[in-house]
Structure formats: structure tokens, C-alpha cells
Amino acid sequence: MPDPYKHLWEQYSLPSEVAGWLAAFVQVAEACAASIVLSDMSLAGAPMVYVNDVFCEFTGYTKREVLGSNCRFLQGPHTEASKVAQLSESLRQGEACAACLTNYRKDGETFQNLLLCLPVHDSTGVYRFCIGIQAAADDCDRSAIARLATRLPASIRAVYTRPAAAMYAAGALLAGSPVMHNGGGQTAETA
């Protein structure tokens, strides 16, 4: 069996209490056709500790170039600051969120990035990781965002502990919100 830990950031101090979960996640994400990253939200700057090969093909960066960094390097002059601020707030709160952003590949080419962020809370409710799923789209319409949510295999959807929050975010996008998180009085438990 291949070693899933070889795909993690080499400077990452693997927390023993999540090692099994991370191994399972990496094995599934490596086989997924979607661009997937995993950030450790307990570390300063929320660095990516894992990216799959699809992410590298999608952005033009190598794993070595991006692991240990935050995804902000994909932003540039035309990235929508208001959407970034809303995403940042949702991530700080440990809430599922989604948006369509103008981002930049390594070669400087812009693309419309359909981004879905899913929080992972441990068994005690502590916000540990954020799963980021990206897809390029020429037109960030509601149906494209809905398709992104459905591209995840059931095995990835099963690894995060608050699926209601993620489904609420995807549903809100279908209702027309450009960036949505667990707002409007709903919590992840009641969404």
C-alpha cells in the first residue's frame, strides 16, 4: 500500500490524533478528479498541508512550491476583495463557504475559480482543517457552482463532520448569493 503521508508538506508535524483521518483523506483525494487542497487551520496562516496533483495541473504550481503556503498566492490585481473578505470571515468562523473568484495561475493567466471550502471539526468540535475544492469556469453561474458541489465523491463528503453546513452553503449559492456562508441566523447544526 502506498504511503499517503509522502503527499503531505514535508515540514508538517503530523498530529498523531488525526494521522488516520489524514491518511484516509489523502488516499481518496489523490484519486479524485477535482482540484483539492487541505489547510491546517490550527497553524498560523492556515498553510496548505496537502494538495493533489489536479491542483498542480490546474494552477501550474508544483507541490513543493505551494505546500506550507496559504492559497492567497492565487490572488492578484483583479481578485474581488469583497469576496475574499467574506471567505476569510467564514473560514475564521469555521463555516462552509463558496465563491467564484478571479485568480491567477503561475504563468499569470487569470481564471474564474469556483471555490468550495468545507470545515473539518474534530470529535470535540475543534476546527482542525479546511478542505478546499476548486474548479475553473468561464462563467461563474449558479449551475456551475452546484456542479462543483456534486463532483465530490461520497468518500470526500463523508470526511468532514458538518455536511449540513456545506450543503447549506451550496444551496445558498443556488439561491443566488455570490458568496454564502452559514449566515442568516442558521448554524451548522441547524442548517
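Predicted model: local features only at pLDDT ≥ 70, side-chain atom pairs only at ≥ 80, totals over all residues.
Biologist: Good to know. How many bridges join E3 to E4?

Modeller: There are 8, and the two strands run antiparallel. Strands count as paired if DSSP finds at least two bridges between them. Helices (H or I, at least four residues) and strands (E, at least two) are DSSP runs, numbered from the N terminus.

Biologist: And what sits between E3 and E4 in the hairpin?

Modeller: There are 5 residues between them, and Gly108 in the turn has a positive phi of about 90 degrees.

Biologist: Is E3 buried or exposed?

Modeller: Buried: this goes for 8 of the 8 residues of E3, which spans residues 97-104, so the strand is largely enclosed by the rest of the structure. Buried means under 20% relative accessible area, exposed means over 50%, and partly exposed is in between, using a 1.4 Å probe and protein chains only.

Biologist: Which residues are on each side of E3?

Modeller: Cys97, Ala99, Leu101 and Asn103 are on one side, with Ala98, Cys100, Thr102 and Tyr104 on the other, and all are buried. In a regular strand the side chains alternate between the two faces of the sheet.

Biologist: What about E4, then: how many of its residues are buried?

Modeller: In E4 the count is 10 of the 12, so that strand too is largely enclosed by the rest of the structure. E4 also pairs with E5 in the antiparallel sense, over 9 bridges. One of the links there is Leu118, whose bridge partner in E5 is Ile131. The E4 and E5 hairpin has 5 residues between the strands, and Gly125 takes a positive phi near 90 degrees.

Biologist: Let me zoom out. How many helices and strands does the protein have?

Modeller: It has 7 helices and 6 strands. From the N terminus on, they run α-β-β-α-α-α-β-β-β-α-α-α-β. Of the 191 residues, 49% count as buried.

Biologist: What is in the largest nonpolar core?

Modeller: It has 31 residues, and those with the most contacts inside it are Phe25, Ile36, Leu38, Val51 and Ile131. At least two residues each come from helix H1 (19-31), strand E1 (35-40), strand E2 (48-51), helix H2 (53-59), strand E4 (110-121) and strand E5 (127-136). Apart from that core lies another, of 9 residues, including Ala99, Leu101, Cys117 and Tyr127. By a nonpolar core I mean a set of buried Ala, Val, Leu, Ile, Met, Phe, Trp, Tyr and Cys residues joined through side-chain atoms within 4.5 Å.

Biologist: I keep hearing cysteines. How many disulfides are there?

Modeller: The count comes to 0, where a disulfide is a pair of cysteine sulfur atoms within 2.5 Å. Cys32 is buried at 7% relative accessible area, and Cys56 is buried too, at 14%.

Biologist: Now Lys63: buried or exposed?

Modeller: Lys63 is buried, with a relative accessible area of 17%, and lies in helix H3, residues 63-66. Its C-alpha atom is separated by 8.3 Å from that of Trp9, 54 residues apart along the chain.

Biologist: And where is Thr62?

Modeller: Thr62 lies in the loop between H2 and H3, and is partly exposed at 39% relative accessible area.

Conventions: Residues numbered from 1 in each chain as written. Heavy atoms only, no water.
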